[in-house]
Amino acid sequence: MTWKDITIDKYLQLYAIQKVGDVIDREVQMLSILENVPEKEIEKLKVSEIVELMKKFEFLKTLPSEKPITISFRCGDYRLHPCLLTSEMTAAQFIDFSNVCKEIKSDDLPYRMADIIACMCKVRRVTAAFPFIKYEYNGYQKISKAIHKEMSIADAYPLFVFFCNVLNNLQPAMKNYLEQKVKKEMKAVKKILQEA
């Protein structure tokens, strides 16, 4: 097994149990998730067997590769094309991306991975009859669910890191824009008050 075999959904289940204090308890839960076996079955194993089984999952101790980002990828019935430049985005995409990012608290960031990726991608439905349908953006919620359930963390991680960096670079620009807008509005209010 590798990161390629771990979906975002499964990764988030693993992420949620990382704060479990007892190592064996955490490994039992991890094995249950990774092997799709009830925890009660894993609990019947000896500690030495659990330790041996966990050796298959040593890759979890390192981050997935930040390999080059693909220009398109398939997720279920959809082919997605990430917009790597904000100039490629539609206004609706930019608004959705901004709104999702405003809602995120630092603890929630991994849980919004699929939303962030979906906001930044244009989509087309994959069909044999119409292979050349153009990519469009029609909101992120439906695509986010498909990404969440089907995209591997190996494919999602490079995109997520890239888009988080985009977010970091956008925040100062958005703050500057908002400060300028507030100053302009304050001048307008002062002018109205002076005329009154």
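Student: How many salt bridges does the count come to here?

Tutor: Keep in mind that this is a predicted model. Side chains of opposite charge can pair when their charged atoms come close. The cut-off used is a Lys or Arg side-chain nitrogen within 4 Å of a carboxyl oxygen of Asp or Glu. By this rule the count comes to eight.

Student: Which residue meets Lys 56 in a salt bridge?

Tutor: The N to O distance in this pair is 2.7 Å. The two partners link distant parts of the chain, 21 residues apart, with Lys 56 in the loop between H4 and strand S1 (73–75) and the other one in helix H2.

Student: Why are Glu 43 and Lys 40 separated by about one helical turn?

Tutor: An α-helix has 3.6 residues a turn, so residues three or four places apart point the same way. Glu 43 and Lys 40 form a salt bridge, with their closest N and O atoms 3.8 Å apart. Glu 43 is partly exposed at 43%, while Lys 40 is exposed at 61%. The turn-sized separation comes about because, in helix H3, they are three residues apart.

Student: Is Lys 44 buried or exposed?

Tutor: Lys 44 pairs with Glu 41 in a salt bridge, the closest N and O atoms lying 3.3 Å apart. Glu 41 has 41% relative accessibility, which makes it partly exposed. To count as exposed, a residue needs over 50%. Lys 44 is at 63%, so it is exposed.

Student: Which residues do salt bridges that share partners join into one network?

Tutor: Here the salt bridges share partners, which ties the residues into one network. Its members are Glu 103, Arg 112 and Asp 115.

Student: What span does helix H2 reach from its first C-alpha to its last?

Tutor: H2 covers residues 23–35, which makes 13 residues. At 1.5 Å a residue, the helix comes close to its expected span. The reach is 18 Å.

Student: Which helices are included in what covers the buried residues of H2?

Tutor: H2 has a run of buried residues, among them Val 28, Met 30, Leu 31 and Ile 33. Buried means under 20% relative accessible area. The cover over these buried residues includes H1 (8–16), H3 (39–43) and H4 (47–54).

Student: How much space lies in the largest pocket?

Tutor: The lining has 25 residues, with Trp 3, Gln 18, Met 30, Leu 60 and Lys 61 nearest the centre. H1, H2, H4 and helix H8 (153–195) each supply at least two of the lining residues. By class, the lining divides into 18 nonpolar, two polar and five charged. The space comes to about 560 Å³.

Student: And how much space lies in the second largest pocket?

Tutor: Strand S3 (121–125) and helix H7 (141–150) each supply at least two residues of its lining. That lining has six nonpolar, three polar and five charged residues. The space in this second largest pocket is about 230 Å³.

Methods: Residues numbered from 1 in each chain as written. Predicted model: local features only at pLDDT ≥ 70, side-chain atom pairs only at ≥ 80, totals over all residues. Heavy atoms only, no water. Helix = DSSP H or I, 4+ residues; strand = E, 2+ residues; numbered from the N terminus. Expected span 1.5 Å × (residues − 1). Buried < 20%, exposed > 50% of the residue type's maximum accessible area, 1.4 Å probe, protein only. Contact = heavy atoms within 4.5 Å. 1 Å grid on protein atoms, 1.4 Å probe; cavity = no way out; pocket = protein on both sides within 12 Å on 5 of 7 lines; lining within 4 Å. Points joined across faces, edges and corners; volume = space filled by probe spheres on them. Nonpolar A, V, L, I, M, F, W, Y, C, P; charged D, E, K, R; others polar.
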